[in-house]
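Thanks for asking me to look this over with you.

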Amino acid sequence: MTQGTPPLSRLPAGKQRQRRTQQRRWLNRLWSWLITLAGGSVILALLGIFVYLLTEVTPLFKPVSAQPIVVEHSPPAFDITPAPIPAAAATAAGFEVAFSLVEPLQGYLLLAASNGEACLWWQRQPEAGCLQRLSLTDRTVNLTTLRWLAGKQSIVSGDSSGQLKQWFFLPDEHGQLRISWIKPFARRNAAIVDIAPEQGRSGFAVLDAAGGVSLFYANLTKPLWQGQAAEYQRATRLQFSQRNEQLWLLGPGEPTALQLDNRHPEISWRTLFQKVWYEGWQQPEYVWQSSGGAELRQGKYSLVPLTIGTLKAAFYAMLVAVPLGILAALYTACFLSEPLRSRLSQLIELLALFPTVIIGFLAAIWLAPALEQHLLALLLFLLLLPLLVLALARLWPRLPKRWQQIPGSGWDLMLLAALLFVTAYLALLGGDTLQQQFFSGSFRFWLNEQGVSYQQRNALVVGLAMGFAVLPIIFSICYDVMSQVPRQLTLGASALGATHWQIVRRVIWPLSLPGVLAAVMLGLGRALGETMIILMATGNAPISNFNLFEGLRSLTATLTIELPEAAVDSSHYRMLFLVAILLFIFTFMANTLADLVRQRLKRNFQRLDT
Amino acid sequence: MTPDYHQRNYWFWLAALASAFVLMLLLALSYLMLSRGLGLFWPADIVQFRVSQNAESPHEASLVLGEVVSQQQLTAPQLAAAGLTFSAPATRILVKQGYQPSGAPAFRWYWQQQLSDVQRPPEVLLVRHRQFGELYGWPQAMSEGQLLLQLANGQQLRLQQADIMLQLAPNSLSWLQKMRWFAGQWWSFLSTEPREANSAGGILPAITGTLLSVLLMAVVVAPIGIMAGIYLHEYARDGRLVRLVRLSVHNLAGVPSVVFGVFGLGFFVYVLGGSIDQLFYPERLPQPTFGTPGLIWVSLTLALLTLPVVIVATEEGLARIPSSLRLGGYALGATKAEVLRKLILPAARPAMLTGIILAVSRAAGEVAPLIFVGVVKYAPVLPLSSSAPYIQLDQQIMSLGFQIYDVGLQSSNADAAEPRVFAIALVLLVLIGVLNLLAMRLRRYYRRRVV
Amino acid sequence: MLVATAKLRLMIISLVLAALSPALRAVSPEQSATLAVAEPTPLSGTLSSTGSDTLHNMMMIWRRQFVALHPQLNLQIQSSGSATAPVALLEGTASLGPMSRPMLAVEQERFRRRFGYDAIAVPVALDMLALYVHQDNPLRSISMAQLESIYAQNRLCHRQAAIERWGELGLAGTWQSRPVAAYGRNPASGTYGFFRQQVLCEGDYQQRVQQLPGAAAVVRAVSQSVNAIGYSGLGQQIAGVKILALQADANSPALMPTPEHAISGRYPLARVLYIYLNKAPARALPAAEQAFLRFVLSAEGQALLSNDGLVPVPAALRAQAIQELGL
C-alpha cells in the first residue's frame, strides 16, 4: 500500500517512481472494478431475487410427462368386490344393478344399471325407495364405469361413447341430498374401459377401448396428459401406485406401467384465476384454502381473493393517505415559512418511524372495536369536516385584521388541531346520541339489517391504519418536490402580480404534479407490500369483494401465516413463491412507474433551473 | 415570497386542516404509546370491595382484592341484549385479582352496581411469586424466610421468601417511593429475561437480539451500500447502466419486506445454508447447522432490505461535496481512487454514517421477513459467548418487533400481556427514535460543515 | 418400535375405556407411569423445539422447571403451528416437534422417505377446544351440528342449513337478527385442522370465517366483538368471554369442557397433544431429549399441565409411551 505522498526532497529514483506509478494505476483500476462491481451487485440482487423466486415457481407449470417402464414387482392386489347391496335398495331400484357406490358419511347408496339408469337410496329412509332417479348417460349409450374420486366427494362416470362426467352430492333447497351433474370432461375417442382415482388427490386416469390412457384432474376438463399405444388395449384395469408416481395397466397379459411426473396437477393458470367448482360446493367460486395439514385434501389455490384483498386494502389506504399527504405537503411547503416549515415536515416524517407492527397492534385491539361502536360518529365527522372548512373560509376574512395574521405562523395549526378535536368530540357525542335514538343502540347491527355485511375487522380499519403508515411517504416526496420548484418561477410570478394562491395553483401545483404522481405510486407500492398491519388488523378471510365493511386477506399476510407451515417443494410452498412473485411484480410496476416519472421531473427541474 | 393571506379559499383551509389533522394524529399516537407504555409499571392502587350477586343478601357478598384495569359502560339496549336488569347506563370494571388458588382466572369483570364497601386498605401487599405470579393479600406473619399471606377469599398461603421476587404495599407508598419502584421495574424489564411464556419478566433477549442482528446487518450492508453509492455518483457516466442501477435501487427499496423474507428462507436458509452444511459440517447432518433459520440469515435478509437506504444516503452525501475538492485533487496528480479515498470519503463520512443509522432504524422495526429466517418467540440464551467466535451466527434470536406481534396475538394470558405490548412497543420506538435523532443531528452537522 | 398414528388413536380409545373401567384401572397404578426426575449429571447443549402454538405455554412451563435442573442446557422454543413441526423434524431444524394433532400420513410418508422410519409420537397432554362467545351473549350451549352450520361451507356431517344469525341458534330479541361473526385459526395451526376434522368432517371452511394468527388472538377478538363466536384452547380463557357447553349429538347433554369430560371422552372436542421425535428404531434418544421427555411424562411434569388448562395424559397411555421410548 502506498503511504501518502512522500516529501518532495526525497523523490524516488526513476525506476522506483515508475514502479510506484504502476502500482498506483493498478490500485486505481482495482478500486474502480470493485466499486463498479458493488454498483452492479444491486442489479444482481434484484435480478437474483426475481430469478430465484421464478425457479421455485416454474415446476408448478411443468407439463405432465409419462414414460413406459418395466414393471419390477406387480402392484399390490386391491379389492374390487363391491360392498353387498341391501335387498331393499335393489328392489327400490328395480333394475339390474351394475354399479354401486356408498357415500361414507351419511350412508347414501348410488345404484346404476348398465344403461345408465341410476337410483339414489338412503339407508336411513329405506322405505322411501329411490330418493332420486336419474340417468348417468344419454340413455343411448351404456355406462361402463362409475368411480369415486379420492375423498369420496365426487363421482366420475364413463360410458361407451367415451364421455366422462363428474357428479357431486349436493343438497337441494330442502336440504335433501341429490346427485348433481357438474361438468363433462374432454371426450375420449373410444368407450371408457376403466377410471382410476389418484390417491389422496382429485386426479384420475382413464383407459379407453382404443388403448388411450389419459390423466385428468377434477378441476380441469382437458386432460393433463394423454397417450395411446396398442399394448394398452389389452389392459382392463388401471391402478395408481401409493404416491401417484406410477400408473399400472392391468389386464389378462403382462402388466405394463407408466412412470408419471405429475407433481402439481391441482395448479394451472385456469385454477389460479378463474372460478373453480370444488367438490361439495354449491357453485364455482374463487377459493383460497390451503390444505392446512389434512389428508385426502387438495389445496384450493385461487389467487383472485388474495389479489383482490391486496388491492382492496391498498385502495382504501390510498383513499386516506393520498388526500391527507398531498394537502399536508401543499400546506407545509407552500404556506409555511422557515423554520416552522422544516420543523413540521420533520415532525410528520417522524410518523414513518412507527413500526407497522405497532400500528397493526393498535388497529387490532383498539381501532377495530372502537370503529364498530362509533361508526356513526366517524361518518358524522366526515360530514362535519366540509362544514368546518366552509365556515373557516367564510368567517376568517371577517375577523379583525390582527387575527388574520395568524395563518402561517404555526399558531393556526394549533388552533385548527383544537378545532378538529372539538369537531371530533362533537361527532362522537352526536353519533352516539343518534345511534341511541334512531338505530336501536347500534348502527352497525342496523347496517346488517339493511343487508350491508359488517365485520369488525374490515377494510375500513385497514384503510385507516395503513393509510396512516403510507402517509409519511407520500407527504415527504410531495413536500420535497413542492419545495424544490425553482424559485425564480415563483418569484417571477409574484413580480407579475400573482397572488400567493395563484402562484400555488398555477405554478407550483402543475410543476410538481408529476412528483405527486410519483409519490402516489410509491405510496401504492408500499401499501401493496404492507404486511403486519393487514395481518393483525383483518380477519384474513379470503373474501373476494370490495365491501368497505368486510375483511380481506392479502398476498402478504398469506405469505406470513402460511409459509412457515409449508413443506419444501410441495405445491403449497411453490404457490406461496408464486404469491411472492405476484407481489414483486405489483410493486415493481408501481415503483418503476414512479421512478420514470421522477427522472423526468428531475430533468424538467434542471432545465427550468438553468 | 411574501404570503398574501387576504385571499383564501376552501382549498387553503382544507390543506391547513389536513396538516393539523396529521399533527393531531401524531400527537395522539405518541401520547397513547407513552401513557400506556409507561403506565405498565406505575404501581396502581389495590382496591378492596365486596361483590354480591344478589342485592337482597349482602352478607353473602364475597370479598375481592385487586387492581382496576379498565372499565366499560353499557347502554340500555346493550344491557337488554345481554339479559341484564341494571338501570342504564351501567358500568363494569375489569379487576386484576392475581393468582387464584381455585383456578379462577386472574382477571374478572364486575358490575359497579354489585359492589359495596370499596376501600383502599394501606396494608395490602402485592407479591410477585416465582410460581404463582402476582398475588394480592394481607400479610399475616413474617418469620424465618416465610410470609403468611391471606388472600381475598380467606385462604392463607405460606410463601417461601426465596420464591418471592418482589413485594410491595402500593396503597401506602408516597409519590417518591412509587417513582423509585417505577424506575426499578423498568430496569428489571430491560435487563432480565422473559418468564411465563413472555407474559412476565423482561425483554433483554429481545433487545439484544434486535441490536445484534442490526449491527451484524450494518457490517454487511455498509461496504456494499457505500460502494454502490460511490459508483452511482462518482464512477458511473450517465448511461443505460446507471439508469438500470438506479431503477434497481428504487425497486429494491420498494419490494415488500415479506418478499425478502421469502427469498431469505428459500435462498439463504435452504439453498445457501444447506450448501454450507454440506461443505463444512457434513458430520452433523442431518442435524443442520446453518441450513436452518438463524441470526446470520436474519442479518443478511435485513442487509438486502436496507441496502437502498445506505446507497441513497451515500449518494446524497457525495452530491453535497463541492466538485472543487475533486478537481483540486486531480490537479495535484492524484488518481481517481486516491481522490476518493483521501478527499471525498472523509468528507462524506457523516453522510454514510447517517445512511447506516437510518438503515439500522428501518431494520429494527421489521417483523414480517424475520419470522421466516430466524426470529423466534423464545430464545433466552443470548447468541454471544465468551470464547471465539463470540457470536453464535447460527442461533435463533428474539426481536422486539416480533415480541409485539407474538405477545399481542399469541400470549395465552391476553389480559396480562396487552399492557406489556405497549411497554415493548415503547422500547422499540425509543430505540428507533434515538437512532433517527442521531442521524438527523449528524446530517445537520455535516451539512453545516460542508457548506 | 414405531407408533403409527392410527394405532395411537386406537390406543387413546382403549385408554378412555381403561379410565372408565375400574378393572383396567387397577393394572395401571400411578407408579408404573411415574419416573424419577432427578438427573445426576446436568446436561448441556442445545435442544430446539418447533411446532404447536397450543403447546407453546406448556413447553415454556416445562422448560422453566427443566432448565432449573439443567442450567447448562439451552432449550429454544418456536411455536408457529403444528404444521411447522413435521417440516422442522424433517429438515432437522428441531429435535422436538410439539403437535396438537397426530402427524398426517403425508407427513409421516415424507419423513419415512427421508429417514426410513416413522417419527415417534409421544402423548404429553390432553387438551380441549372451548367455544367462546362474548360475555354479554345470552347463549349457553351449542351443538356440533349448529357449529358445523356456522363454520362449514359444504356441511358434510349433518347436512343442515347454514346458520348466519344468532336467531337461528335460538336467541331472541335484538339477537334474532344479529349476524354470527365466526373466528378461527389460520391453517398452520393444528387447532384449525382438528376443528375441521371433528366439526366439519374434513369439509371446507366458510370463506368468511376469520382466520387469526394466534390462539389468544381468537379469544381476544371474541371478547371485543359482541356477536362473535370462536374456538380456541381452554387455557386461553380471558375475562371478557364466556365458554359454551357443547352438545355432541341430539341425544346427549351439553357438556362444559372439564377434565372429567375430557378423560371420559364425552366432550367431543378433546384431543391428545403430542411431542414428535426423530428416533431411529435401534438407537436410543440423545440424552437431552431423553431427559426432557422423562421430565414431561413424570408425575411432576404432568402436574404442571393444570397451569395451562390442560389435562394429564391417562397413566396407561403414559406408561406405554415410556416403554416405547425406552426411558
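The points below go through the places where parts of this predicted model touch.

1. Let's begin with chains B and A. Their contact draws 79 residues from chain B and 89 residues from chain A.

2. What sort of residues does chain B bring to chain A? Sorted by class, the side of chain B that touches chain A holds 58 nonpolar, 17 polar and 4 charged residues.

3. Next, turn to chains A and C. Here 38 residues of chain A and 44 residues of chain C take part in the contact. On the chain A side, at least two residues each come from α6 (356-373), α10 (443-449) and α15 (555-562) of chain A. Which helix gives the most to this side? That is α10(A), with 3 residues.

4. The class count for the side of chain A that touches chain C reads 17 nonpolar, 15 polar and 6 charged.

5. Finally, look inside chain C. Where they touch, domain 1 of chain C supplies 22 residues and domain 2 of chain C supplies 17 residues.

6. On the domain 1 side of that contact, helix α1 (residues 5-20) of chain C has the largest share, with 3 residues. The residues of this side split into 9 nonpolar, 9 polar and 4 charged.

How values were computed: Residues are numbered from 1 along each chain as its sequence is written. Chains are lettered from A and ligands numbered from 1 in the order in which they are written. This is a predicted model: local features need pLDDT of at least 70, side-chain atom pairs count only at pLDDT 80 or more; totals for chains, interfaces and linings use all residues. Two residues are in contact if their C-beta atoms, placed from the backbone, lie within 7 Å. Helices (H or I, at least four residues) and strands (E, at least two) are DSSP runs, numbered from the N terminus. Ala, Val, Leu, Ile, Met, Phe, Trp, Tyr, Cys and Pro count as nonpolar, Asp, Glu, Lys and Arg as charged, and the others, Gly among them, as polar.
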